[in-house]
Every structure is written in C-alpha cells, then in structure tokens.
Amino acid sequence: MADVESNESPPKPARLPATDALILATLALFTALTLVFHQLINGWGPLVLKNLAVGVAYLAFQQSAARTRSKPFKFALRVVPVTLAYGYLFLAVDKLQLILHGRFLDDVVIRLEAAVFGGQPTLWLQQFTKPAVTEWMMFAYMFYFLMYPILCAIIYFRDGEPAMEDYLFTLGLTNVLCDLGFILFPVAGPTAALGERYTVPLTGYLFTWVGEWVRTSLQFPGGSIPSPHCAAATVMWAMAYRYHRRTFWLLLPVVLSLYVSTFYGRYHYVSDAVVGVATALVAVRLAPLLARAWEKRKS
C-alpha cells in the first residue's frame with residue numbers, strides 16, 4: 001500500500017519572546033565584555049562559565065513554560081526564571097563595573113550634589129532620622145520585592161499573557177539599561193563612599209532589620225546609578241496605570257516613599273534616584289517599539 005502524503009505542515013519552532021531575546025543578548029554581551037577585558041576581571045573564567053550555564057538553564061525553563069497549559073504553572077514557570085535572570089544580570093555586572101574607568105566616580109556625584117543642594121542630602125537627612133520614619137522607609141524599600149510578582153500576577157490573570165510579556169519586557173529593558181549604566185558611570189554608593197560621616201544610625205524594627213540584611217548580604221559597592229530600585233518601581237507603577245488603574249492609586253504612597261527611601265536609607269544618592277526614574281520613563285516609551293520590531297522580525 002502506498003504511503004498517503006500528509007497535508008499537515010510540520011510544527012513551527014517555538015518563537016523566542018522579546019523578553020528572552022533581551023536576556024540572552026545581555027548575557028552574550030556581558031560574556032563578550034568579560035572575555036575582552038579579562039585581564040581586568042578577577043575570576044573571569046568562572047564568570048563566563050556561569051553566564052553560559054544560566055543561558056542554557058534559562059532556555060530550558062522557557063521551553064517548559066511554552067509547553068505548559070495550566071495558567072498558574074505557566075505563570076510560575078515564566079515569572080520565576082525571568083525574575084532570577086534579571087537578578088543574575090545585576091550580580092554579573094558587578095565584576096564589569098570598573099572595566100572602563102578603573103575606579104568609582106562617587107566624587108563627581110558628591111561635588112554635583114553639593115553644588116545643587118549646598119551639601120550632601122543623605123547626610124542632611126540624618127536630622128530627620130527617627131525609628132518610625134526609618135521603619136516606613138524600609139517598608140517602602142522592601143515592598144519593591146513583593147510588588148514585582150504581585151503586580152505581574154494581577155496583570156497576567158486579568159489581562160492575559162501579552163500584557164504580562166509587556167510588563168516583563170519593559171522591566172527587563174529597564175534593568176539592562178541600569179546594568180549598562182553601572183559600567184558607563186560606576187558609583188559605589190553613599191554607604192561605601194561616606195560611611196564614616198554618618199553619625200546617626202538607622203534604627204527601626206522588622207523592615208529595618210530586613211533592609212540592613214539586604215544591604216549586607218545581597219548588595220555590593222556599585223550598582224548605583226541609575227537606581228534600579230527607582231527605575232523598576234517606576235516601570236511597575238506605569239504598568240499598573242496601563243493595566244489596573246486602581247492598583248496604580250493604591251501604590252501611590254508606597255512608590256513615592258520608595259523613591260525617598262533609596263537615599264534616606266543611604267542605598268543611593270539623590271542623583272541615582274532621579275536618573276533611575278528618567279531611565280524608566282525612557283524604557284516605558286522605548287519598550288513597545290522594540291517589542292514590535294522584534295515581533296515583526298520573526299513574522
């Protein structure tokens with residue numbers, strides 16, 4: 001019996017979403033920079049291997065998420081790897097910060113802020129440091145980490161996968177712009193540069209303790225300008241305005257307090273916060289254009 005030819009076309013390979021392309025391209029860029037400037041980077045070999053391993057693992061998770069039909073599992077398999085990838089890129093850029101300038105440029109920021117404000121705002125704020133104020137500021141600073149997945153879940157289960165991808169890609173573009181900023185203009189941050197000049201300790205309660213744990217355990221000198229906290233929070237707030245207006249208004253006091261918390265808590269200079277917000281506004285305008293260009297390229 002002759003074989004009957006099938007009219008069915010072969011399955012098309014899964015398309016790579018813009019978010020994944022951004023993550024993998026940034027991993028490739030950081031790997032290339034590590035190889036080019038390897039003489040300036042301690043532990044450059046392990047860093048290259050880790051970048052490659054993260055890229056392979058990320059693609060594996062992406063394929064699992066694409067095959068999943070359950071909305072909750074699809075959400076988890078999508079959001080968790082993307083979030084971890086953004087966190088990894090933030091950590092990976094640490095070793096690349098000084099490849100261009102060879103030193104941190106805090107003195108430039110300190111002189112600029114002294115010219116604008118007549119002194120250093122993070123030192124001036126010491127006179128308003130009270131346990132209750134510190135606790136609220138630390139709550140706002142830490143709420144950033146909860147706002148990320150909560151808002152993503154609201155958008156996904158209310159508006160669907162395309163809206164979630166819009167959210168994730170815009171956040172990713174913002175994070176990558178911040179990471180590149182750490183290389184182009186490396187700043188250690190006020191705690192590293194002005195530590196001995198702070199005479200009033202930041203005392204508070206639970207969230208103050210958590211905030212100090214984050215400072216000592218998860219952060220490093222640098223990663224300051226643009227402020228990724230202010231940049232990502234601005235994007236999340238903008239996405240709330242786009243997809244869930246009620247959440248936008250609920251987040252108003254928290255996000256505004258978060259901006260202040262970055263320099264009240266001595267994580268950033270005022271300049272870092274301002275540039276972080278500006279970076280986010282650029283990303284919000286640029287992300288849809290880049291995403292459409294990527295989708296058009298694949299069609």
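A residue is called buried when its relative accessible area is under 20%. Keep that cut-off in mind for these close-ups, which all come from a predicted model.

**Close-up 1. Helix α11, its buried residues and its bend.** Helix α11 covers residues 245-264. Its buried residues are T247, F248, L251, V254, V255, S257, L258, Y259, S261, T262, F263 and Y264. Look at L251 again: α11 bends there by about 50°, and the proline P253 comes along within four residues. How far apart are the end C-alpha atoms of α11? They sit 28 Å from each other, and because 20 residues at 1.5 Å a residue should span 28 Å, the two values agree. Just past the end of α11, R266 has a positive phi of about 65°.

**Close-up 2. R78 and its two salt-bridge partners.** Start with D20, which makes a salt bridge with R78, with 2.8 Å between the closest N and O atoms. D20 belongs to helix α1 (residues 18-36) and R78 to helix α3 (residues 71-92), so this pair ties together parts that are 58 residues apart in sequence. R78 also meets the side chain of E165 in a salt bridge, again listed at 2.8 Å from N to O. Here E165 is in helix α7 and R78 in helix α3, so parts 87 residues apart in sequence get tied together.

**Close-up 3. The D107–R103 salt bridge.** The model's salt bridges come to seven, and one of them joins the side chains of D107 and R103, at 3.0 Å from N to O. Both ends are partly exposed: D107 has a relative accessible area of 29%, while R103 has 40%.

**Close-up 4. A163 in helix α7.** A163 is found in α7, which runs over residues 161-184. With a relative accessible area of 5%, A163 is buried. Which residues does A163 touch, leaving aside neighbours within four places in sequence? They are I155 and Y243. C152 is eleven residues away from A163 along the chain, and their C-alpha atoms are separated by 9.1 Å.

Close-up 5. Y205, L206, F207, W209, W213 and L218 make a nonpolar surface patch of about 700 Å². L218 lies in the loop between α9 (206-217) and α10 (228-243), and is partly exposed, at 45% relative accessible area.

Methods: Residues numbered from 1 in each chain as written. Predicted model: local features only at pLDDT ≥ 70, side-chain atom pairs only at ≥ 80, totals over all residues. Heavy atoms only, no water. Helix = DSSP H or I, 4+ residues; strand = E, 2+ residues; numbered from the N terminus. Expected span 1.5 Å × (residues − 1). Bend = angle between axes of the 7 residues up to and from the residue. Buried < 20%, exposed > 50% of the residue type's maximum accessible area, 1.4 Å probe, protein only. Patch = residues over 30% accessible without salt bridge, like charges linked within 9 Å, V, L, I, M, F, W, Y side chains within 5 Å. Areas by Shrake-Rupley, 256 points an atom, 1.4 Å probe, with all protein chains shown as cover. Salt bridge = Lys/Arg side-chain N within 4 Å of Asp/Glu carboxyl O. Contact = heavy atoms within 4.5 Å.
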